[in-house]
Amino acid sequence: MYKKHFSIVTIIFLLFLQCAFAQQKSIEKYDGLLWEISGNGLSKPSYLFGTMHVSNKLAFHLNDSFYNAIKKVDAVALELNPDVWQEQMVRINKLKENYTAFIKPAGNDFLNENSFRIKNYSDELKTALQTEPAIVNSLLYRSYKTKEDFEEDTFLDLYIFQTGRKLGKKAAGVENYYKAELLIQEAYADMAKEKKITKRDRDEKFGKEYLEKIQNAYRNGDLDLLDSLDKRMEISTAFREKFIYKRNEIQANAIDSIIKHTSLFAGIGAAHLPGNRGVIELLRKMGYTLRSVKMNARNGLQKNVIDRLQVPVIFQKEISEDDFYSVSVPGNLYNLGQDYQDLNRRQYADMSNGSYYLVTRVKTHAAFLGLPVGQVLKRLDSV
């Protein structure tokens, strides 16, 4: 009787352990930010990494595994390729400006007394010298003055790209800028049409506690928790369908196309990785083997060495549209739309090195007012 009772207890205990182990395994299904992609005929592995689109130091939990993975591949990709990002942004901005001008009612562009008013160019000089185009921060840094003690020099996605470029890797993107813009607009339109929208308390969504959970989950590489938190705050299934799931398919197909020919380190938003419809599972369904690569303690040695590297640039002469000036820059100067106080600015962001080149034109009306060049330069120097 005692043995029988003991056997039953033992079986129950073993079943309990098995259930607990299965539950733990399920919870840790997506237990890492860095994933190795192998199999399916690949001659060398590629890698998938979940990023956060921020410059917060908490997101930069990087170690040898991260840097070694980039060193092993031939190309590095983000969601969008930074090498062509600026040009694509300019084109789509131009299309928007053309459309705005097309639908704009007539009669708003007459000459008036302000058309002939001469402004004090000293004020415009001050503004030009003490500000930078907002687009520069968006492209290169995504930093905020109040948080600069807790931020890196750039946001994590671009850091991945810059690391790859400094190590001589080719650049790529797993999404098309125009198609991504269209898809995001469609996602918002679908959300506006959706009748069942979950209302979330703004304090809960943007509160400190929720943000801390997000940050801790990311730092710990817990994609399951990130996925749960993301779904908890979901307000529209229609929006998620296109903003997350449809883009997951696009990204997975792009990765599949690239790694058949070139080994790749792909850094995409961490929200795109987990789940049955996530990029990890989509690649597995294509026949690839994906395993989590552990990232333990942060190693600052490789980071410091790589951060000091510079990507060589070739300067070229850039001439203004009216042939008024020329300047040597390592890329095309772009006009990215309306700037702060309508300053006339052209800029080129060197995405690989995290620097930018800026030309600002200020009308002094010197010839009209009879001001000598020396006087204008003296005022510029004083400002």
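## Nonpolar cores

The largest nonpolar core comprises 65 residues, and those with the most contacts inside it are Leu-48, Phe-49, Phe-66, Ile-255 and Phe-265. A nonpolar core is here a set of buried Ala, Val, Leu, Ile, Met, Phe, Trp, Tyr and Cys residues joined through side-chain atoms within 4.5 Å; buried denotes under 20% relative accessible area, exposed over 50%, and partly exposed in between (1.4 Å probe, protein chains only). Helix α6 (residues 156-166) gives the most to this core, with 5 residues. A second, separate core has 7 residues, including Val-90, Tyr-325, Tyr-334 and Val-359.

The model is predicted: local features need pLDDT of at least 70 and side-chain atom pairs count only at pLDDT 80 or more, while totals for chains, interfaces and linings use all residues. Residues are numbered from 1 along each chain as its sequence is written, and side-chain values use heavy atoms, with hydrogens and water left out.

## Aromatic cluster

Across the whole structure, 10 aromatic pairs are found. Rings of Phe, Tyr and Trp (its six-membered ring) pair if their centres lie within 6.5 Å; planes under 30 degrees apart count as stacked, over 60 as edge-to-face and the rest as tilted. Ring pairs link Phe-49, Phe-66, Tyr-67 and Phe-265 into a cluster.

The ring centres of Phe-49 and Phe-66 are 5.2 Å apart with the planes at 65°, so this pair is edge-to-face. Phe-49 lies in strand β2 (residues 46-51) and Phe-66 in helix α2 (residues 64-72), so that the pair links distant parts of the chain, 17 residues apart; helices (H or I, at least four residues) and strands (E, at least two) are DSSP runs numbered from the N terminus. Phe-49 is buried at 1% relative accessibility, and Phe-66 is buried at 0%. Phe-66 and Tyr-67 form another edge-to-face pair, with 5.0 Å centre to centre and 90° between the planes.

Residues up to four places away in sequence aside, Phe-265 touches residues including Leu-34, Tyr-47, Phe-49, Phe-66 and Ile-160 (contact means heavy atoms within 4.5 Å).

## Second largest pocket

The second largest pocket holds about 720 Å³ of space. A pocket is an open set of points on a 1 Å grid over the protein atoms alone, where a 1.4 Å probe fits, with protein on both sides within 12 Å along at least five of seven lines; lining residues have an atom within 4 Å of a point.

Of the 22 residues lining this pocket, Glu-124, Arg-361, Val-362, Lys-363 and His-365 are the closest to its centre. Helix α4 (121-130) and strand β10 (355-361) each supply at least two residues of the lining.

Key:
Grid points are joined across faces, edges and corners, and a volume is the space filled by probe spheres set on the points.
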